[in-house]
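Please find below a colleague's note on the structure shown here, written for a reader who is new to protein models. The points may be read with the structure open alongside.

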2 protein chains.
Amino acid sequence: MARPPEDHPAQVSGQPPADAPGQASAVEVIAAKRDGRELAADDIAGLIAGFAAGAVTDSQLAAFLMAGYLQGFSHAETWALTDAMVDSGRRLDLSGLRGPTADQLSTGGVSDATSLVVAPLAASLGMQVLMLSGRGLGHTGSTLDKLEAIPGLRTERTAEELLAQVDDLGVVIGAETADLVPADRAMYALRDATATVGNQSLMAASIMSRKLAAGVGRLVLDVKLGSGALLKDQASARALAALCVAIATRAGTSATALVTDMNQPLGTTIGNAIEVREAIAVLRGERGGRFRQLCLELTGRLAALSGTATDPAAGLHQAERALDGGEALELFARLVESQGGDPSVVDDPARLPLGPVVREVRADRAGWLGAMDTEALGLAGVHLGAGRRRADELIDPRVGIEMPVRLGDRVEVGLLVARIFASDPGSADVAAAAVRSALGWSDEPVIGPPLIYEAVE
Amino acid sequence: MARPPEDHPAQVSGQPPADAPGQASAVEVIAAKRDGRELAADDIAGLIAGFAAGAVTDSQLAAFLMAGYLQGFSHAETWALTDAMVDSGRRLDLSGLRGPTADQLSTGGVSDATSLVVAPLAASLGMQVLMLSGRGLGHTGSTLDKLEAIPGLRTERTAEELLAQVDDLGVVIGAETADLVPADRAMYALRDATATVGNQSLMAASIMSRKLAAGVGRLVLDVKLGSGALLKDQASARALAALCVAIATRAGTSATALVTDMNQPLGTTIGNAIEVREAIAVLRGERGGRFRQLCLELTGRLAALSGTATDPAAGLHQAERALDGGEALELFARLVESQGGDPSVVDDPARLPLGPVVREVRADRAGWLGAMDTEALGLAGVHLGAGRRRADELIDPRVGIEMPVRLGDRVEVGLLVARIFASDPGSADVAAAAVRSALGWSDEPVIGPPLIYEAVE
C-alpha cells in the first residue's frame with residue numbers, strides 16, 4: 001500500500017506539470033544560473049540579444065550577473081557570453097589592411113602610458129596597429145584622456161577614419177565607436193553599479209568581446225597584479241590571463257598575456273599631460289626604467305606573434321633597436337598630427353602645461369620604501385582632476401603627480417618623494433596628504449617586486 | 001631582509017587605502033552581501049529606503065536580492081529587512097478598535113477560499129478581523145478576485161473605510177492600500193522577474209511586512225506545502241513558518257503557523273464564483289471535508305491567540321459551534337452588503353453564474369487516485385480565465401473547475417472526476433486535457449496526505 005511521503009508531492013504515475021505559456025525565458029535562464037546549472041550557448045545568446053534589444057530588463061541582467069558572479073561560468077559559457085556580446089554590435093573588417101594587425105590591452109594600472117609607446121613602436125616593426133580603448137572610471141587613467149592632453153588631438157573617430165589612418169600610417173589610437181559591442185558598455189555600467197565587476201569570466205568576456213569585434217589578428221594583454229590593480233593575487237591574474245588567451249585562440253586571434261606588477265606606479269608620473277611627457281621621453285630614448293622595459297617586452301611579444309621575430313627575446317631586441325632608432329618617435333609625431341594634434345609637442349614636451357600649483361612631498365623619516373598603496377595614489381590623481389569618478393566629470397589635463405621613488409629605494413629624511421601639480425592649493429594639499437599616507441616604510445632593506453611575474457600563452 | 005610577496009600588495013607599515021569620496025553606499029552593501037557578510041540593520045534600512053526613494057536602482061536591488069538569495073540572510077537581517085519594508089509606507093493604527101484584532105494569511109494554494117469563512121467566523125467569536133490581501137498572479141487564486149465575483153462587491157477601499165467597517169461589523173476583507181508597504185510591491189515585481197522569489201527570508205519579509213504595517217495583533221499563518229505550493233518539502237515550510245512567527249513575535253504580534261497540505265486542491269472547486277459558492281455552502285453548514293476542517297482549525301488557533309479560548313482544541317470547538325449556529329453566515333452577508341455586494345447570494349448561491357460551456361472529465365481507467373499535480377490544476381483554472389499570468393489580465397468570475405475526487409479515492413471507469421465551467425469550447429477542451437494529465441493513478445490502494453502537517457508557535 002503506497003502512501004505519498006508527507007514532504008513531497010504525491011507522484012505515483014505522475015506527468016510533468018503543464019507548461020506555463022508565455023513564461024519569460026529570461027527568468028528561466030536566470031534561475032538556471034542561480035541554481036548552478038551550465039547554460040546552453042543559445043540561452044546565453046538569447047539573454048544578451050534580449051538585453052541589447054530591451055526585452056530583457058537591466059534588473060534581470062543584474063540578477064543574472066550576480067548569479068553568475070557567485071555560481072561561476074564555465075569556459076564554454078564564457079565563450080558564449082563573449083560571442084553574444086560581439087554580436088550585439090558591429091565587427092570591423094580589417095581584411096583590406098596590409099601586414100599583420102596588432103593591438104595591446106592593459107587591464108588597467110596607475111601611471112601606465114604604455115599604449116602611447118607600444119602603438120608606434122609596433123607599427124615601426126611593420127605591424128598595422130589599431131588600438132581602441134574606452135574612457136576610464138576610477139583610479140586608473142585612460143589612454144584617450146592622456147592623448148587628448150595634446151592640444152587639438154581627437155580620439156573620437158568613425159570606423160572608416162580609424163581604418164583609413166591605419167592604412168595610411170600603420171597606427172591609430174582611438175575611442176571605441178558606439179556601435180562596437182554596445183552590450184558591453186551597458187553591461188559594464190550595470191556591473192559597476194551592482195558589485196559584479198570582479199568576476200573572471202565577466203571581465204574576460206568584456207575585454208575580449210571588444211577586441212574580437214575590432215577584428216585585430218594579434219593581441220598582447222597586460223594583466224596587472226597588485227595594490228593598484230583590480231586583481232590582488234597571482235592565481236587570479238594568471239586565471240584571467242589564461243581565460244582571455246583561450247577566448248582569443250578559439251576565435252582565431254593570436255594572443256599572449258603578461259602578468260605584470262602594479263604594486264607601484266609603472267612609470268614615475270600620474271596624470272595626463274605629465275604621462276604624455278614621460279611617454280615622449282621614452283620614445284626619445286631619454287628615459288629608462290620599468291615603463292620603458294614593459295613597452296619593449298609587450299612590443300617584443302607582438303613581434304613574435306606577428307612572425308616579425310622568431311621568439312619573444314628576438315622581438316625584444318628588435319623593439320629595442322627600433323626605439324633607439326627613432327622610428328617610433330617619428331610615427332608618434334605623425335599619429336598626433338593625423339589625429340589633429342600639435343606635433344611640436346614631440347620635440348618640445350614642455351609645451352604640454354602642468355598644473356600651476358606645485359607641492360613637494362618630502363620624506364619625514366629615513367628608511368626603505370616598502371609599500372605603495374597604488375590605488376590610493378591613483379585616487380590622489382583623480383582627486384586632483386586627472387581622472388573621473390563619474391562619466392560626466394571633466395578632466396584637467398594639467399594636473400598630476402611626479403613620483404621619482406620606487407619600492408626598495410633607500411630614502412633619507414628630506415628627500416623628495418613626490419611633486420604635485422594641482423589647479424588649486426586645496427586639492428594640492430589633499431593629494432600631498434594622500435600620497436604621504438599611501439607610502440609604507442621599513443627599517444630594513446626591501447627588494448622591490450619584479451616587473452613581470454609570468455607570461456601566459 | 002623583507003621582501004613583498006609576489007601575489008600580495010606590498011604592505012610593510014601600510015595604511016588603509018584612501019577613502020573614495022562619493023562612493024555609492026548601495027554598491028558597498030551589495031558587495032558585502034555578495035561576499036556573505038552579515039549586514040548591519042542600518043545598511044539594510046538605507047538600501048531599502050534608497051530603493052523606495054528611487055536613489056537605489058531596480059538593478060541594484062535585483063543584484064542585492066540575488067546575492068541574498070544565494071548567500072542567505074540571518075534572522076537579524078530578515079528582521080531588519082522586514083522593518084525597512086514596513087517603514088517604506090504607512091502603518092495602520094488599530095488602537096481605536098474594541099476587542100482583539102486578528103488576521104489570517106495563506107502563502108497561496110489552489111481552491112483555498114478559507115479567508116471567506118475564517119474572517120466572519122473569527123468575528124463571530126468577538127475578534128476584530130481586518131483581512132487585507134494582494135492580487136494574485138500565477139496558479140493560485142486571489143481572495144479579492146473571489147469576493148469580487150459577487151456582483152457589486154468592492155474590495156478597493158481607503159484605510160479609513162476599512163477601519164470604519166471593522167469598527168461597525170467586526171470584519172472586513174479588502175485590498176492592501178497602495179500606501180501600505182510600497183517597497184514590497186516593487187520588490188515582489190522585481191523578484192518575480194529575476195528568479196528570486198523562492199528565498200525563505202525574502203518570502204517572510206514580504207509576508208510579514210504587510211501584516212506588521214496593517215497592525216493586527218493576532219495572526220494565524222497557513223503555510224502551504226506540496227505540489228500546488230511554492231514550498232515542496234516540509235523542512236522548508238517549517239522554516240518559513242518559524243521565521244514568520246519569529247518576526248511577528250519580535251514585533252509584538254501573537255502568531256501561530258500551520259503547515260498544511262497542498263498536494264491536492266483544498267476544496268472541491270477552483271475558480272471565483274464557484275469557490276464563493278463553496279465557501280457559502282461551508283458557512284451554511286451544508287459542506288464538510290478538508291476545506292471546512294481547515295477553516296475551523298485556523299479560527300480555533302486565532303481564538304486561542306486572542307484569549308477567547310484556553311487552547312487550540314477549545315478554540316476549534318468554539319469555532320465549530322459558532323459555524324453551526326449560523327452567526328458567521330450572517331456576518332458574511334453583512335460584510336457583502338457593507339462592501340457594496342448583493343447579499344442575496346448568501347441565501348441563493350446559484351445567483352452567482354458559472355461559465356456557460358460545461359465539460360465533464362470522466363475516469364478512463366479504474367484505480368486509486370494517487371497524485372494530483374495541483375499547480376497544473378491551478379494553471380488549468382488560469383487558462384480558463386479564473387486567474388492572471390500578468391497584472392493587466394482580466395478575470396472571468398464565471399469560469400472554474402469542480403473536482404469531487406480526493407487523493408486516495410477508489411475510482412471506477414466512467415466516474416466523474418471533474419466538471420469544467422468555461423466561457424468557450426476551446427478553453428474548456430484545453431482545461432479538460434490539463435486536468436486529465438494532472439492526475440496520477442495507482443493500481444494499489446493509496447492513503448491521502450494529512451490536512452495539517454504541524455503547528456509552529
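Predicted model: local features only at pLDDT ≥ 70, side-chain atom pairs only at ≥ 80, totals over all residues.

The numbered points below go from the whole chain to its strands, helices and single residues.

1. The secondary structure of chain A consists of 17 helices and 13 strands.

2. Overall dimensions. The C-alpha trace of chain A extends over about 90 × 55 × 40 Å along its principal axes.

3. Burial and contacts across the chain. Of the 457 residues in chain A, 59% count as buried. Among contacts with a separation of 6 or more, 79% join residues 24 or more positions apart.

4. A covered strand. How many of the five residues of strand S3(A) are buried? In this strand, residues 171-175, five of five are buried. A:Val171, A:Ile173 and A:Ala175 lie on one side, while A:Val172 and A:Gly174 lie on the other, so that both faces are covered. Strand S2(A), residues 128-133, pairs with S3(A) in the parallel sense through five bridges. Within S3(A), A:Gly174 is the residue opposite A:Leu132.

5. Strands of a sheet pair through backbone hydrogen bonds, in either a parallel or an antiparallel manner. Three strands of chain A form an open sheet in the order S10-S8-S12, and their pairing is antiparallel. Strands S10 (410-411) and S12 (439-442) of chain A are at the edges; each has a single partner strand, so one side of each lacks a neighbour in the sheet. Strand S8(A), residues 367-372, is joined to S10(A) by two bridges. A:Gly367 has A:Val411 in S10(A) as its bridge partner. Helix H17(A), residues 425-438, packs on this sheet and touches S8 and S12 of chain A, its direction making about 40° with that of S12(A).

6. A mostly covered helix. In helix H16(A), residues 374-384, nine of the eleven residues are buried. Among them are A:Leu377, A:Leu379, A:Val382 and A:Leu384. What do the buried residues of H16(A) pack against? Their partners are strands S6 (269-271), S8, S9 (400-402) and S11 (416-422), together with H17, of chain A.

7. A:Asp373 caps the N-terminal end of H16(A), with a side-chain oxygen 3.3 Å from the backbone nitrogen of A:Glu375. After H16(A) comes A:Gly385, which has a positive phi, near 115°.

8. A partly exposed alanine. A:Ala186 belongs to helix H8(A), residues 182-193. Is A:Ala186 buried or partly exposed? Its relative accessibility is 34%, so A:Ala186 counts as partly exposed. A:Ala186 and A:Ala52 are 134 residues apart in sequence, yet their C-alpha atoms are 8.4 Å apart in space.

9. A buried serine. A:Ser201 is part of helix H9(A), residues 200-214. A:Ser201 has a relative accessibility of 6% and therefore counts as buried, since buried means under 20%. When neighbours within four places in sequence are left aside, A:Ser201 is in contact with A:Phe73, A:Thr78 and A:Leu243.

Note on methods:
Residues numbered from 1 in each chain as written. Chains lettered and ligands numbered in written order. Heavy atoms only, no water. Buried < 20%, exposed > 50% of the residue type's maximum accessible area, 1.4 Å probe, protein only. Helix = DSSP H or I, 4+ residues; strand = E, 2+ residues; numbered from the N terminus. Pairing = 2+ DSSP bridges. Contact = heavy atoms within 4.5 Å. Axes fitted to C-alpha atoms, helices over the stretch in contact; angles between N-to-C directions. Polar contact = N/O pair within 3.5 Å; in protein donor to acceptor, adjacent residues only side chain to side chain.
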